[in-house]
Amino acid sequence: MTTYFGNLHDWLISEDFSSNRQARLHKAYLLWLSLVSNPLALAGLVVVVALVIVSALAPWLSNHDPIAQDLALALKPPSAEYWFGTDEFGRDVYSRLIYGARTTLYISILVTVIVGPIGFVIGATAGYLGGWVDVVLMRITDIFLSFPSLVLALAFSAALGPGIENAVIAIALTVWPPIARLARAETLTFRQADFVVAAELQGAGMRRILLRHIVPLCAPSIIIRLTLNMSSIILTAAGLGFLGLGAQPPMPEWGAMAASGRQYLLEAWWLTTVPGLAILIVSLAFNLLGDGLRDIMDPRNA
Amino acid sequence: MTAIDKGQADVSISQTHNSRSSAGASWLGGLRKLATSFAVILTTLLGLLVITFVIGRMVPADPVIAVIGDQADQATYDRVFQQMGLDKPLYQQFATYIGNIGQLDFGQSNVTKNAVSSDLARVFPATLELATLATLIGAAFGIPLGIVSAVRKGTWVDHLARFVGLLGHSTPIFWLGTIVILIFYAKFGLIPGSGRLDVYNEGLVEGPTNSLLIDAVIAGEWGVFFDVLHHVLAPALILGYAAMAYLSRMSRSFMLEQLRQEYILTAKAKGLDQHTIIWRHAFRNIRVQLLTIVALAYCGLLDGTVLIETVFSWPGLGQYLTSALFFADMNAVLGSVLLIGLISIAINLLSDIVYRFLDPRTR
Amino acid sequence: MSVQFPSLSGAVTAVRNVSFKVGREKVGIIGESGSGKSTTGRAIMRLQPQGALVTADRMQFEDVDLLAASEPQMRNIRGSRISMILQDPKYSLNPVMTVGEQISETVILHEHVSKREARTRTLAMLERVNIRDPERVYTLFPHEVSGGMGQRIMISMMLISQPSLIIADEPTSALDVTVRQQVLSILDDLVTERNIGLIFISHDLNLVRSFCDRVLIMYAGRIVETLDADKLEQASHPYTRGLLNALPSLEHPRDRLEVLKRDPQWLEN
């Protein structure tokens, strides 16, 4: 087994390329190596992967039903039976935490999937076409940027009503401006590049140029920005949950759990502390990962 | 802390840099620039209003019923419907809306039954107090930290500062507030758990500005002043911590950029010591950038105040907003959101003006 | 003296065993990019980049051992006994300080004079470098002056405290050709009048041969040849000959200019 990996490692490291694919894999592998050599980024990556695994395996990892209530067991401190104690309805906090991971992941991924392409399209179009389109699109972006994001998400959430999908839309509406700005900046950098002009002369339309030329070049910084944004998204989602918007009971959501735990702060400190810690760790992990990615892709920041 | 990560302030700063440095020194050119920025602000304002208007109309609840209740008969419904102007075409409704806002009429709160604008006038200074104090704390600690971090890049000071900053950036602020209350109030009794004043001090100071700190000083009621200070300490420190995280990161990167410049070598070649180089030469070059990010931090803090005020029962705009949310009081919600948006724009405008004033390159 | 930079694949030697003496004369150091000439100049003033390692048998300046001097001692020397003139005033002057303030700073630092006295000295120095209307120029910012004026300001700033050695790192490379001569002649005047030693770093062979007394040719971190300026035509090292042959000349027109062929043998030392 180790010899297999050893051989694979050597093959990837060697600079003697026999195919295009090998060259690309080589480059990717080098990036991977420098990423994992950064202990903080590695820690972040581990936590993120753990989050995904935990969410996927939630039914098997939790030992109690997250929404089963048993008022006789309410507000029990952490014990062997209930690892993180129980909440005011007698529900197991640990299991709710596990299922809450699903909620968190669901929201973050959904928002990112919406915001990434849309933000990119808006920004890249603005950068590519310039002129009036640019001015108008950037004005709109600036308008959204001028609101503090939680407040805007709050407002949209309030208008759309509670519920997890509405929360996703509300958060997405506040997160896309930085992506659009980034995409625009990147597009502007490459807009004048010779290869773009060459493609235009060959008759490529805007869509083709954007898709096949500009996207691969912008992708690294946009991915980094999206990763870093994940932490904000998680914090905003938790904030919304804290205020009663977003995922509704009985669906477990870390922010909401922290909010309801506040009433029992003095008797049952674990109700608020534990979900908050979970939010902190996951948010930190995404930040570390994003920072690590930025370090390897932008040598200036080392 | 969520809102502060706005596409990394450096992107928007450098954009506006480009438009500034290309203008001529002529008086007319300056006027033209001013007019452009004015137009920009106007459009932003308009956009703000559009958004709040749209949000208001998106509410699934029937606004007429919200006012008259669901027991009223059809005739009353029709009458109020007409009264509220809901039968007019959308753009006319929008025009009325703008007109109202212009006259500072934000509608009526369903909960307090007051005009939203008077409610806002009442709660807004409390938030201002908190946010200003928090920004000052954040700047006082964050900027020197960032600068030292840059100068001693790579050392343990740098790593510690960056980690602390990162932590501040990832901490859910409502959780931090709750934990602080848990530890410092419940366990140690060092800070008051909530509110702005102790009960026995309430009503003692009814000043002109409604900012209790200032009013207390004006009235000479030092007991009240220190009481308020005692109450504002914890929330301001927590918010300040979040601001500090952002400010230290940005000042670090500004400083690093300056230290790369050639004029630093010149200064060294002159025989200047490091302290002078950092503070008399490099710092002067980042002064205006720092101002911009402090303004941005302030706006970003407005987010955090919403949560912190809820946690600490601080009777400000944030708490007003969240309880309005809870009771589905849309007028109040929109009014608060609009006000926060307006404050953001105002702060950005202010920092723009001071920037233009201070940077010799744009004169 | 040698200067090494640490890198991922071991130390990179930027300057290798360089040795020379400078008296009250103008010495030019000629080399291409990457030859180590700027690094040498900076190392003399102990202004090498962070992480670079400077080793030498001896670095002696008048009565001071530069290698053993403490940092505060070096700070005393910089700007008052040894000065450095940098290449491009657009970047080498502090953009948010008036030029007068920057010049005064030097003299206040080293001679502890009052602000008023410093201003008088600065104005006098500005006149000395042929800047008309020094009072007005004093209040200008670096982006408001032209390149030639900027360099003259740089010269004022670095010569106002009467150093005895100047290291000029490509002082005219960023200037228009027409302005170059002006700046050079001012520098020449000052150096002659005050009997200062000058190390003139450049890549422009023609410029250096007409301006300096002696010339050092550097290649890949080593000095490959040392000559008097007027004896340049008798250079023996193939690299120098290559440089000379690559220069177009009105007196000896050629159809084809030689391209320098680098011999790896030159790297052996």
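**Figure 1. Confidence of the predicted complex.** The predictor assigns the complex an ipTM of 0.88 and a pTM of 0.80. Chain C has an average pLDDT of 86, and 98% of the residues of chain C score at least 70. For chain B the mean pLDDT is 78, with 79% of the residues at 70 or more. Among the elements of chain B, the lowest mean pLDDT, 39, belongs to α1(B), whereas helix α11 (residues 262-269) of chain B has the highest, 92. The pLDDT is below 50 over residues 1-24 of chain B, and this stretch makes 56 contacts in the model beyond near neighbours in sequence. Where pLDDT is low, the predicted coordinates should not be read in detail.

**Figure 2. Overall build of chain A.** Chain A comprises 12 helices and 0 strands. Read from the N terminus, the elements of chain A follow the order α-α-α-α-α-α-α-α-α-α-α-α. The C-alpha trace of chain A spans about 75 × 60 × 30 Å along its principal axes.

**Figure 3. The interface of chain B with chain A.** Here 51 residues of chain B are in contact with 48 residues of chain A. The two chains bury an area of about 4,600 Å² between them, and carbon and sulfur atoms give 73% of that area. Across this interface the count of salt bridges is 0, while 7 residue pairs are in polar contact, both residues being at pLDDT 80 or more. At least two residues of the side of chain B that touches chain A come from each of α1 (8-21), α2 (27-58), α7 (156-170), α8 (173-187), α12 (274-312), α13 (317-326) and α14 (330-358) of chain B. The largest share, 8 residues, is supplied by α2(B). Sorted by class, this side of chain B holds 30 nonpolar, 16 polar and 5 charged residues. One of the contributing helices, α1(B), is also the element of chain B with the lowest mean pLDDT.

**Figure 4. An aromatic pair between chain A and chain B.** Over all chains, the count of aromatic pairs comes to 6. Among them is the stacked pair of A:Phe242 and B:Phe174, with 4.3 Å from centre to centre and 20° between the planes. The pair counts as stacked because its planes are under 30 degrees apart. This pair crosses between chains, joining A:Phe242 in helix α10 (residues 206-242) of chain A to B:Phe174 in helix α8 of chain B. Helix α8 of chain B is one of the elements that supply at least two residues of the side of chain B touching chain A.

**Figure 5. The interface of chain B with chain C.** This contact takes 18 residues from chain B and 26 residues from chain C. The area buried between chain B and chain C is about 2,000 Å², of which 61% comes from carbon and sulfur atoms. B:Leu265, B:Ala269 and B:Lys270 together supply 29% of the area that chain B buries against chain C, more than any other three residues. Between these chains there are 11 residue pairs in polar contact, both residues being at pLDDT 80 or more. Helices α11 and α12 of chain B each supply at least two residues of the side of chain B that touches chain C. The largest share of this side, 6 residues, comes from α11(B), the helix that also has the highest mean pLDDT among the elements of chain B. By class, the side of chain B that touches chain C has 5 nonpolar, 5 polar and 8 charged residues.

**Figure 6. Salt bridges between chain B and chain C.** The structure holds 25 salt bridges over all chains, and the count between chain B and chain C is 3. The side chains of B:Arg280 and C:Glu105 form one salt bridge, at 2.7 Å from N to O. This pair runs from B:Arg280 in helix α12 of chain B to C:Glu105 in helix α4 (residues 99-111) of chain C. In another salt bridge, the side chains of B:Arg284 and C:Glu101 meet at 3.1 Å, N to O. Helix α12 of chain B also supplies at least two residues of the side of chain B that touches chain A.

Terms used
Residues are numbered from 1 along each chain as its sequence is written. Chains are lettered from A and ligands numbered from 1 in the order in which they are written. Side-chain values use heavy atoms; hydrogens and water are left out. Contact means heavy atoms within 4.5 Å. Buried area is the accessible area (1.4 Å probe) that two parts lose on being put together, summed over both. A salt bridge is a side-chain nitrogen of Lys or Arg within 4 Å of a carboxyl oxygen of Asp or Glu. A polar contact is a pair of N or O atoms within 3.5 Å; within protein, one must be able to donate a hydrogen and the other to accept it, and residues adjacent in sequence count only if both atoms are side-chain atoms. Helices (H or I, at least four residues) and strands (E, at least two) are DSSP runs, numbered from the N terminus. Ala, Val, Leu, Ile, Met, Phe, Trp, Tyr, Cys and Pro count as nonpolar, Asp, Glu, Lys and Arg as charged, and the others, Gly among them, as polar. pLDDT is the predictor's confidence in each residue, from 0 to 100. Rings of Phe, Tyr and Trp (its six-membered ring) pair if their centres lie within 6.5 Å; planes under 30 degrees apart count as stacked, over 60 as edge-to-face and the rest as tilted.
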